[in-house]
Each structure stands twice: as C-alpha cells, then as structure tokens.
Amino acid sequence: MEGPIPVPSTITAHVVAVPYPGRGHVNPMMNFSKLLVSKNSGILVTFVVTEEWLGFIGSEPKPHNIRFATIPNVIPSEHGRANDFVTFLEAVMTKMEAPFDQLLHRLDPPPTIIIYDTYLLWVVGVANRRRIPVASFWPMSASFFAVLKHYHLLEHNGHYPVNLSEDGDKRVDFIPGNSSIRLADFPLNDGSWRSRKLLSLALKTTPWVQKAQYLLFPSMYELEPRAIDALKAEFSIPIYTTGPLLPNFGHGENNVDLSYLHWLDNQPSGSVLYISQGSFLSVSSAQIDEIAGGLRDSGVRFLWIARGETSRLKEMCGDMGLVLPWCDQMRVLQHPAIGGFWSHCGWNSTREGVCCGVPFLTFPIMMDQPMNSKLIVEDWKVGWRVKPGVKQDTLMSKDEIASLVQRFMDLDSDEVRDMRKNARELQKKCQLGIANGGSSETDLNAFLRHILQDAKP
C-alpha cells in the first residue's frame, strides 16, 4: 500500500499488529485485535499482512477501527510453505524487516505499541530503535514456550538427538513449568538436517522476548498454571494470558453452504466424530486411506474436513458421515451431536476443543503438536492418542483405527464417560477464566491499561 494510510476519527491508542504469515498465527492475532477494540472503541489497530494474506482475509468482516496495511510477500506464493518450510521460515525471519520498517514511516498517527508474533524477532529491534513499546505474542502454548526456552537442557543431559525407536518412551522432568515429558514429544528432536535447521531458527526467538516490554499468551491460567507461574518467575517483563481468543461466528454465512449443520441437527447427541488435521501440514496419503477405511469399518458417524480429494474419500468412507473441504469449526464443536474431535493438536484447535468441552483423539504431526497432545492426554486427561507408540512414521492400519474409534465413541464405556466428564469440567474452568473477574479478563484489562498509558504523550 503506497502513500499515507488514512486515519479514522478520534483514537486513544494506535496498535500495530504484525502476525507471522500462516493460518495458525494470523487467526489468533486477528481475534486478539478484535478483542482489544471491543473493549475500547478508541483503539485503532493497523493489522500488517503480506499481500498474499490480504487476498485471503481482506474481504472478511472486521470492526471499522481495524485496518489492513500490506508488505510484499517474502517468497513467491506458488512455491508453497509446506513444500519448503525451512526456506519460508528463513525468509520470514529476514526479508520482512525492511518493508515493515518502511511501513512504519508512513503510519499516521505513529504507533503507540507494536504487538508482534514472537517468530518475527526482528520487530523487537525495529521497535526499540524507534522507542515504541513492543508486546511479544506467542501463538502457541505457554508450556511449549517453556520447552523451547529450556531446550538446551535436553542436549545438556545427553538426550539430543533422540533415537525414537529406542528412547522415545523415556521421560525427562527437568523442563520448568512442565510435568514429565516423553522424549518423543519434544519438537524437532530427530537430528535430521531439516529438524536441526528449523530448531535453530525457533530457538532464536525466545532470547528476544526479554527485550520486549510484554509477553502475551493466547491461553488461560486455568489451562497451564504450572507453565505460567514458572515463566513469571523467570521473566522481568509482565506476562499476560489473553484467553482462548475464539473466532467470531458467522463469517461469510451468506455465501457458504451450511447444510452440514442441518445434517448434525438430525444426529443423536454425542454420536458424531469430528475430524480435522489442520490447514497446513498433512499426513501421508497412505495414512489418509487407512483412516478412511477405518471410519468406514467402524460404523461411527463422522464429519471429516479434508483438503482436496473429498469426493474420493467420501467414496472410501461410506455413508455414515460427511467429507467436506471446510466448515465453521467452532459451530461444529459446539453442536450437541459432536462427541469427539480427531485433531492434529494445533494450539488453535486445541483451545477451541477444550472450550467446547469435547474430548480428543490426538494425531499430532510436528512442532508444538506432540506437546499439545501430551497436555490433552496426560495433564488434562481429556483425550487419547491415536498412535500408542512413539515413532511418527508408523502407519496405523484401518483395523486399528476402526477399533479405536468404536471404543472412543462408546457412550456406555466407563472410561469414555470419565473422559467426557473431565472435558466438561475443563470447559467450566475456561468459562470462569474469561468471565468478569476471571484470570484472562483481569490480565486483558491490565494490558489495556498499559496500552492506554503508553499512548499518553
């Protein structure tokens, strides 16, 4: 966007929000921006995205006091993130700084605070040079942040790289803020070139946080008290949990087929397994075929969100459910017909499932997802792992999947009843956290006071 960016009427603070250009990062940052302006209509948010991402979200409804500003794409969009994630991440961490710095020159009024995705570590230097307060927004769990911050302890204790076939089940209990963790659940732990490179990039982010003025987690104290307490003891800057940052309902409803909701209306309570493996990474095609065969043989009702191949998978799955390319996930998870959530355990999906009181079948792929699976299964006790072993490349057969799904969706099972009870109790904790006087509401109000104080001349 060239030239001066127009200014709306009277404002009390100007927040510049800059997310990492990925779905799991843009969404929570936008939800947080909407939450801020809903609390104080005098706040203006300039939401900085790449040109590619403006094409994705530019037409979505948003409050009048959130405006978009763009910077160029870091790599040609046709190259794709999943095809070469290392190159994309390197580009994000090196090529976005200069155009962002130039954009700040043109913003009117000048920013009073910058909220940045923690992976965009260069924002701290830009903000500090301009003497603009900066808040680091970590889009994953506080528990996983603590793991990255203390990852050196893994190598220090002789546990990196991990031989998954021999040592994956071994546990360590020296990561502050975490209960004991299987070595298999640490991110990027296999010592391969790709993992080493991604790990080195990820580990660069945490030291810069201490040079920010605030640290924000899209989490709740009730979900991760141990991690939050440990991090508050280590950091000198304020740490705030901003709540689950759930998406608003109803985006694009006029243009989208919602017949799947009518289908859900006609299913028995708690009878449908919702399946979504996320919007970015995916499992092998062979594993997808086994999942489809397992669903068919299980006889369980399902709603499966699968990118591409929906017609082929529908033929493989049978007539007990739906296979769709997209749905309004929050509306689905809140529907009384949903009895379980087969998830890749991205932090956004994890928070949404927990806040809707739905138990999980966890099928993590990489990065923070195995740690989120561990929280779900071991700490919160609201789910089961799909893969009982520790090797990620193990193919789960359709027979194993059919048996697991049948047991998981058996409402007469004492084990399942206990898990569903735990899920409902965790949901209640979340509701209390975001209610008036709750932990997240209190933290949000404290951060807002800082924003408004920083904005004063």
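Trainee: What covers the buried residues of helix α6?

Mentor: The cover includes β7 (181-182), α9 (193-203), α10 (205-209), β8, α11 and α17. Those labels come from DSSP runs numbered from the N terminus: helices are H or I with at least four residues, strands are E with at least two. Bear in mind that this is a predicted model, where local features need pLDDT of at least 70 and side-chain atom pairs count only at pLDDT 80 or more, while totals for chains, interfaces and linings use all residues. Residues are numbered from 1 along each chain as its sequence is written, and side-chain values use heavy atoms, with hydrogens and water left out.

Trainee: What makes helix α6 "mostly covered"?

Mentor: Of the 8 residues in α6 (142-149), 7 are buried. They are Ala142, Ser143, Phe144, Phe145, Ala146, Val147 and Leu148. Buried means under 20% relative accessible area, exposed means over 50%, and partly exposed is anything in between (1.4 Å probe, protein chains only).

Trainee: Then why does Tyr221 get the class it does?

Mentor: Its relative accessibility is 31%, so Tyr221 counts as partly exposed. You'll find Tyr221 in the loop between β8 (214-217) and α11 (225-234).

Trainee: Which residues does Tyr221 touch?

Mentor: Ile228, Asp229, Thr241 and Ser439, if you leave out residues up to four places away in sequence. Touching means contact, that is, heavy atoms within 4.5 Å.

Trainee: What joins the side chains of Tyr221 and Asp229?

Mentor: A polar contact of 2.8 Å. The term needs a pair of N or O atoms within 3.5 Å; within protein, one must be able to donate a hydrogen and the other to accept it, and residues adjacent in sequence count only if both atoms are side-chain atoms. Gln427 is another case to look at: its side chain reaches the backbone oxygen of Cys355 at 3.2 Å. Gln427 sits in helix α19 (residues 414-434).

Trainee: And why does Lys428 have its exposure class?

Mentor: Lys428 comes out at 52% relative accessible area, so it's exposed. Lys428 also belongs to α19.

Trainee: How do you know that the length of helix α20 agrees with what it should span?

Mentor: The expected span is 1.5 Å times one less than the number of residues. For the 17 residues of α20 (439-455) that should give 24 Å, and the end C-alpha atoms are 25 Å apart, so the two agree.

Trainee: At what angle do helix α1 and α20 pack?

Mentor: About 75 degrees, with the axes of α1 (residues 23-39) and α20 11 Å apart. That's why α1 is called roughly perpendicular to α20. The cut-offs are: under 35 degrees roughly parallel, over 145 roughly antiparallel, 65 to 115 roughly perpendicular, and the rest oblique. Axes are lines fitted to C-alpha atoms, for helices over the stretch in contact, and angles run from 0 to 180 degrees between N-to-C directions.

Trainee: Which residues meet there?

Mentor: Phe32, Leu35, Leu36 and Lys39 of α1 meet Glu441, Leu444, Phe447, Leu448 and Ile451 of α20. By class that's 7 nonpolar, no polar and 2 charged residues. Nonpolar covers Ala, Val, Leu, Ile, Met, Phe, Trp, Tyr, Cys and Pro; charged covers Asp, Glu, Lys and Arg; the others, Gly among them, are polar.

Trainee: How do the axes of α13 and α14 cross?

Mentor: At roughly 40 degrees, with the axes of α13 (residues 285-298) and α14 (residues 310-317) coming within 8 Å. So α13 is oblique to α14. The contact is built from Ile288, Asp289, Ala292, Leu295 and Arg296 of α13 with Arg312, Leu313, Met316 and Cys317 of α14.

Trainee: What is the phi of Met367?

Mentor: About 55 degrees, a positive value even though Met367 is not a glycine. It stands out because most residues other than glycine have a negative phi, and most peptide bonds are trans. Met367 lies in the loop between β14 (360-362) and α17 (369-379), and at 13% relative accessibility it counts as buried. Lys381 also has a positive phi, near 60 degrees.

Trainee: What kind of peptide bond joins Asp108 and Pro109?

Mentor: A cis bond, with omega about 0 degrees. Tyr160 and Pro161 are joined by a cis bond as well, where omega is about -5 degrees.
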